[in-house]
Number of protein chains: 2
Amino acid sequence: MPTPFERLLPKLQELTDIGSACALMSWDQAVMMPPAGAAQRARALSTLQGLLHDRLTDPAIGELLAELEASGDEDLDVQASVRVLRRDHDRATKIPGRLVRAIAEAEGLAYQAWTEARPAADFRLLQPHLERLFGLKKEEADALGWEGERYDALLDNFEPGMTTAEVEAMFSSLTQGLVPLAHEVLDAAGPAPEVLSREFDPDIQMRFCDRLAQALGFDNDRGRLDTSPHPFTIGIHSGDVRQTTKADPKDLLLSVYALIHETGHALYEQGLPERMADLPAGRVPSLGLHESQSRMWENQVGRSRAFTDFLLPLLKEQFPDQLGMMAPEEWYRAVNHPQRTLIRVTSDELTYNLHVALRFELEIALFRDALEVSDLPEAWNDAMAEKIGLRPPSDADGVLQDMHWAMGAIGYFPTYTLGTLYAAAFFDAALRDLAGLMDDLRRGDGSRLLAWLREHIHRYAFHMPAKELGEQVLGGPLTPEPFLAYAREKYTALYL
Amino acid sequence: MPTPFERLLPKLQELTDIGSACALMSWDQAVMMPPAGAAQRARALSTLQGLLHDRLTDPAIGELLAELEASGDEDLDVQASVRVLRRDHDRATKIPGRLVRAIAEAEGLAYQAWTEARPAADFRLLQPHLERLFGLKKEEADALGWEGERYDALLDNFEPGMTTAEVEAMFSSLTQGLVPLAHEVLDAAGPAPEVLSREFDPDIQMRFCDRLAQALGFDNDRGRLDTSPHPFTIGIHSGDVRQTTKADPKDLLLSVYALIHETGHALYEQGLPERMADLPAGRVPSLGLHESQSRMWENQVGRSRAFTDFLLPLLKEQFPDQLGMMAPEEWYRAVNHPQRTLIRVTSDELTYNLHVALRFELEIALFRDALEVSDLPEAWNDAMAEKIGLRPPSDADGVLQDMHWAMGAIGYFPTYTLGTLYAAAFFDAALRDLAGLMDDLRRGDGSRLLAWLREHIHRYAFHMPAKELGEQVLGGPLTPEPFLAYAREKYTALYL
């Protein structure tokens with residue numbers, strides 16, 4: 001007689017398989033697909049996500065879950081998976097299949113519209129798609145149910161258990177410390193170093209990025225690197241983790257630091273336990289935790305003086321004409337040059353969180369019905385002028401710069417800042433545990449840090465909620481203090 | 001009250017969507033996927049093909065088909081789709097879902113084993129997978145049922161309505177005329193021109209191939225070109241047709257002629273009526289017809305004196321050092337140099353069909369239980385020695401050279417020769433209809449030929465069986481005579 005878990009497993013494998021098809025179709029949509037494939041791809045993704053939803057809400061899964069909850073299987077993977085699947089099943093059951101399909105299709109069309117609207121700098125191409133999508137996402141929030149406010153229901157998709165009020169408080173405490181520091185540093189830092197506007201062959205950039213990812217521990221046998229307009233990482237499944245970067249001939253730092261960032265995500269995906277590949281608990285427990293890895297590798301590692309000292313000679317080999325005369329100190333300052341920029345992904349560590357705060361505020365306003373989609377470009381530009389002190393000359397550098405909303409990722413942006421805060425706090429813990437870590441990084445050796453992350457974070461997958469895992473690593477709750485202390489120390493030394 | 005067809009349509013769209021996910025997963029498996037993704041991809045493809053099978057065999061489809069057959073819808077697309085779906089539904093209903101899943105998984109694993117066995121020249125890596133796969137395909141044949149012999153059931157997958165006996169007779173009549181001609185020409189042709197062994201930068205080859213495909217009418221907005229170990233074309237769906245070629249630095253002709261060949265397939269896929277994208281009859285009616293297009297573009301067009309005169313100056317621009325001194329006549333002879341080669345895909349027009357005959361005979365022998373998989377390498381080598389006069393020094397250049405069997409494509413090979421025969425016969429018909437066609441080709445202009453193919457072949461999709469469509473175009477049944485006459489005339493002028 002098979003156990004309830006043995007009867008559940010084939011259903012879990014089918015969920016994994018359909019999910020991996022969806023992941024591949026999404027990756028291909030952003031990286032490979034020809035333009036005329038867009039409409040049918042949107043429909044096909046919608047069909048498969050509908051199938052996934054049908055399978056996840058199968059009453060037979062509900063019955064097996066009830067059996068497993070009653071039986072108390074002693075395997076920790078099973079226990080965690082029962083908790084995660086219960087959450088997924090209950091949430092999915094609340095959303096009608098019709099709505100799931102409509103959202104998937106609207107997301108595909110909005111994403112395609114975004115790829116056309118951004119180069120055309122024409123928000124009107126995207127607007128009707130966003131209106132439909134935000135309307136559908138409000139329906140989704142209401143179907144899921146919420147206590148405090150509607151946005152809570154969507155935030156919970158990405159950061160389970162976190163509320164809008166908590167995030168608002170976290171942003172408030174962070175910006176209180178950060179805003180005076182950031183503007184003081186910005187005023188002192190002066191214009192961007194000239195080196196950043198030289199020409200760097202994109203093919204050489206990509207070959208360098210490919211080697212750098214592998215040097216940091218990314219396993220090319222279990223993943224691949226490509227280019228896309230907006231860098232991202234996606235796990236197709238446990239043996240196939242794909243990341244992208246963007247190679248702009250006028251911006252060497254973009255490709256290199258997007259690559260280090262995405263490699264952080266990819267290392268987390270590649271570090272999840274293989275044995276849990278088909279289990280609901282075999283995944284990263286929150287986007288904030290996911291982002292903690294990418295931002296730690298990008299900033300605490302990648303932008304440290306130790307690591308920039310390691311990178312510079314390697315880059316000089318690739319770009320002797322452009323970088324041959326560069327001194328280590330000059331390079332370190334260039335990599336950490338803070339500036340008032342319109343673009344989140346090219347912004348520095350200090351202002352990055354102001355860019356995120358702007359998006360979070362606009363999302364909440366849209367969800368509180370305090371803002372119309374049609375007023376979004378203007379509201380964006382006003383907020384940018386107020387927070388960063390710049391006004392976008394075109395929507396291409398304003399509201400159209402990120403693909404997230406067009407992909408239906410609403411409730412997603414605040415996790416970037418949660419990731420920033422976790423990154424600084426986790427790195428402090430790693431520094432305490434690993435004597436000589438900065439010397440490792442000066443040799444380009446991240447292997448002890450990666451082993452530490454595998455041991456303290458990756459191997460747990462979704463064995464417990466992100467908040468609990470964070471507290472286990474940190475020995476207490478997350479606060480903005482480690483990040484503020486790190487930023488204050490680093491940028492005071494650099495510029496004040 | 002919706003008509004039966006209106007009730008059927010959402011089910012057809014779902015079939016299209018799941019089918020396009022499977023096509024994408026297969027393409028990605030051959031072109032993009034990292035090695036560690038193989039096992040899970042095999043399982044996921046198996047799961048999705050099982051889903052497709054479940055949907056296709058849905059009794060509700062059987063009921064709607066019966067309604068549609070009784071109601072006699074006057075729309076020709078609907079009529080054709082009812083016939084095609086009836087055939088698909090009945091065939092799928094005969095194969096148990098368990099067997100469909102097992103075959104899909106075995107194919108994925110065998111394909112992966114082939115990608116390892118070929119470079120290692122080790123048939124034993126592939127053998128257990130092939131044994132399992134051939135065993136499963138025999139089960140499939142028996143489940144489908146057959147009258148003459150078991151192989152008929154699989155041949156019918158690729159060439160609906162054609163029997164093993166008919167194909168054997170066609171091969172017999174063809175080889176009777178071809179063998180004496182081929183060997184006479186081979187003896188007279190001498191060694192391969194030295195130019196064919198020079199070095200050609202693969203990146204330049206690929207950029208040239210990309211432009212050549214577009215010059216022939218391939219629409220990059222509705223498809224893409226990549227590289228893979230074995231060139232192929234796949235329609236993900238109507239707006240997304242993907243082809244591959246292979247760029248070998250030692251073999252310029254391989255990339256260029258594989259590209260022209262695959263472009264022939266891709267133009268057929270891109271020429272299918274957009275309005276039929278979701279309909280069962282919206283596809284190519286047989287592989288022999290599919291191959292007629294690829295071989296016509298490759299040989300009747302691509303290897304004609306007119307087209308080689310067009311190609312040479314363009315290639316000289318790309319490869320001035322290697323081709324600068326080449327005379328048009330010398331180039332034409334190089335492109336059409338017949339030789340005793342071990343490799344089907346690099347063989348010439350004359351011996352190509354002997355390579356196919358070898359495979360067809362081995363397949364039949366396996367299916368008639370007259371040959372064991374373990375004896376395949378030896379049987380292959382013996383047949384190659386007998387037919388071509390060469391013995392493979394390693395299985396990499398013998399039984400491991402083609403991926404077809406490892407992908408479960410059994411009954412597929414003979415369609416290559418049917419395609420050869422159709423290509424010659426169709427091109428004769430086009431030459432009669434289009435005065436000055438060879439002058440078009442001398443300018444590299446295939447647009448009138450493409451329009452003719454669209455008009456006489458592509459636009460019909462699967463409105464009628466391939467045999468009927470062939471007879472409509474040719475005004476009578478297919479015979480090997482047009483191909484034999486073409487080959488005799490061309491190669492007599494060249495070498496005898």
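## Exercises on a predicted two-chain model

Arg101(A) and Asp54(A) form a salt bridge in which the closest N and O atoms are 3.1 Å apart; a salt bridge is a side-chain nitrogen of Lys or Arg within 4 Å of a carboxyl oxygen of Asp or Glu. This is a predicted model, in which local features need pLDDT of at least 70 and side-chain atom pairs count only at pLDDT 80 or more, while totals for chains, interfaces and linings use all residues. Residues are numbered from 1 along each chain as its sequence is written, chains are lettered from A and ligands numbered from 1 in the order in which they are written, and side-chain values use heavy atoms, with hydrogens and water left out.

**Exercise 1. State which helices the pair Arg101(A) and Asp54(A) links.**

Step 1: Arg101(A) lies in helix α5 (residues 97-120) of chain A, and Asp54(A) lies in helix α2 (residues 38-56) of chain A. Helices here are DSSP runs (H or I, at least four residues), as strands are (E, at least two), numbered from the N terminus.

Step 2: The two residues are 47 apart, and the pair therefore links distant parts of the chain.

Step 3: Over all chains, the structure holds 94 salt bridges.

**Exercise 2. Describe how the rings of Phe171(A) and Phe360(A) are arranged.**

Step 1: Rings of Phe, Tyr and Trp (its six-membered ring) pair if their centres lie within 6.5 Å, and planes under 30 degrees apart count as stacked, over 60 as edge-to-face and the rest as tilted. The count by this rule is 32 aromatic pairs over all chains.

Step 2: The centres of Phe171(A) and Phe360(A) are 5.0 Å apart and their planes stand at 15 degrees, so this pair is stacked.

Step 3: Because Phe171(A) belongs to helix α8 (residues 164-189) and Phe360(A) to helix α15 (residues 349-367) of chain A, the pair ties together parts that are 189 residues apart in sequence.

**Exercise 3. Describe where chain B meets chain A.**

Step 1: In contact, that is with heavy atoms within 4.5 Å, are 37 residues of chain B and 37 residues of chain A.

Step 2: Of the interface residues of chain B, 100% are also interface residues in chain A, so the copies meet through the same surface.

Step 3: Between chain B and chain A there are 8 salt bridges, and the side chains of Asp278(B) and Arg43(A) meet in a salt bridge at 2.8 Å, N to O.

Step 4: On the side of chain B that touches chain A, at least two residues each come from α1 (4-31), α2 (38-56), β1 (223-227), β2 (233-237) and β3 (240-245) of chain B. The largest share, 12 residues, comes from α1(B).
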